[in-house]
Amino acid sequence: MNTPKIGLVLGSGASRGWAHIGVIEALEKHGVEVGLITGASAGSFIGAAYAGGGLDQVKKFALDMDWKAVLSYLDLAFPRSGFIEGQKVAELIELFTRVDQFEDLRIPMIMVATNMFTGKEVRLSQGSITHALRASMAVPGLLTPKFINNEWLVDGGVVNPLPIDVCRDAGADIVIAVDINSERIAKRNHPPKDQDWVKNSEKIEKKRLEVIKSWTDRFGPTGKTLGTKIDQWFSREAPSPHIFEVLGSSINIMQKKIEEMNLLTHEPDILLAPRLGDMSFFDFDHAERAINEGFKCCEKSIPDILKKIDDYSLQV
């Protein structure tokens, strides 16, 4: 019997990336052994945590996250090449990836980044995992680029948000791809009906205001001005979208269009598409819902996945 090398493709999608955790848990529950991972942006982060043995810690961190925690990782230094400096993001990466080098991962992995000047896709699979992740996750305009091997690199989702071809090229026999950009729903126009979500949102809103008040108390009049601006940026009742929402939504739309084109030429054996279109770019504090949706989505496709494996194994 032939044993297939199963490749797992984890797509980009910012906060919706938590869904990858649920997908991986469903695969493990049914004994599906992943032999190769490719990822872009958020998919690179979850993939590295899984391949490095730190996925359980990432899940706990995600479920414990509230709006205060989200803000604490946004070091808004307003540098020349991005709103977020990225040092705290790098610290977070180091905390959960468990190992330092690609060579030490228990599952081989390739991360996708983009040369910001040439538009060339860059595949990272050697050396520092932290540096590669910083590059693969460097959302243009938000997170500063990363300089690796004489190239300025930004988010892999700019050119290949669902790197199926990378997985095929690396020798995967069966490719399972997780597309977390499968839906685009404007949250403002389509508010979720789930009561638990509403209660959770109210709790998040309260904590957000507590953070803003603490900044006001600490910095006086300057802090009050800054707090007011941040309140306007992130308020769900604001008359117009804040700048992060504009950038995030625009990038998500761009990535979705690229994925649609790429899927015409690079089709996976199994395509998983968790329904998370109403999650915005920075809804990192909605992890429980995203993880559950990822698990549920994968569970539905388990019979198809197992059949693909059995059919391959029976090939002579």
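Trainee: In which sense do strand β2 and β4 pair, and over how many bridges?
Mentor: Parallel, over four bridges. Strand β2 covers residues 36-40. Two strands pair if DSSP finds at least two bridges between them. Helices (H or I, at least four residues) and strands (E, at least two) are DSSP runs, numbered from the N terminus.

Trainee: What should I know about the model first?
Mentor: This is a predicted model, where local features need pLDDT of at least 70, side-chain atom pairs count only at pLDDT 80 or more, and totals for chains, interfaces and linings use all residues. Residues are numbered from 1 along each chain as its sequence is written, and side-chain values use heavy atoms, with hydrogens and water left out.

Trainee: Back to β4. What is the bridge partner of isoleucine 37 there?
Mentor: Methionine 109.

Trainee: Which way do β4 and β5 run?
Mentor: Antiparallel, joined by four bridges. Strand β5 is residues 121-124. Valine 112 stands opposite arginine 123 in β5. The two strands form a hairpin with five residues between them. Glycine 119, in the turn, has a positive phi of about 80°.

Trainee: And β8, how many bridges join it to β4?
Mentor: Three, and the strands run antiparallel. Strand β8 spans residues 151-155. Alanine 113 has aspartate 155 as its bridge partner in β8.

Trainee: Why is β4 called largely enclosed?
Mentor: Because seven of its seven residues, 109-115, are buried. Buried means under 20% relative accessible area, exposed over 50%, partly exposed in between (1.4 Å probe, protein chains only). Both faces are covered. Met109, Met111, Ala113 and Asn115 are on one side, with Ile110, Val112 and Thr114 on the other.

Trainee: New topic. How many residues are in the largest nonpolar core?
Mentor: 57. A nonpolar core is a set of buried Ala, Val, Leu, Ile, Met, Phe, Trp, Tyr and Cys residues joined through side-chain atoms within 4.5 Å. Trp18, Leu27, Met111, Leu124 and Ile305 have the most contacts inside the core. Helix α10 (residues 287-313) gives the largest share, eight residues.

Trainee: What does tryptophan 18 contact, leaving aside neighbours within four places in sequence?
Mentor: Its contacts (heavy atoms within 4.5 Å) include Phe45, Ile46, Val58, Phe284 and Ile291.

Trainee: How are the rings of tryptophan 18 and phenylalanine 284 arranged?
Mentor: Their centres are 6.4 Å apart and their planes at 80°, so the pair is edge-to-face. Rings of Phe, Tyr and Trp (its six-membered ring) pair if their centres lie within 6.5 Å; planes under 30 degrees apart count as stacked, over 60 as edge-to-face and the rest as tilted. The two residues are 266 residues apart in the chain. Tryptophan 18 counts as buried at 6% relative accessibility. Phenylalanine 284, at 22%, counts as partly exposed.

Trainee: What about phenylalanine 147 and tryptophan 152?
Mentor: That pair is tilted, with ring centres 4.9 Å apart and planes at 50°. Phenylalanine 147 is partly exposed at 43%, and tryptophan 152 is partly exposed at 38%.

Trainee: Last one. How many residues of helix α2 are buried?
Mentor: 10 of its 10, residues 42-51. Tyr50 is one of them. Just after α2, glycine 53 takes a positive phi of about 85°.
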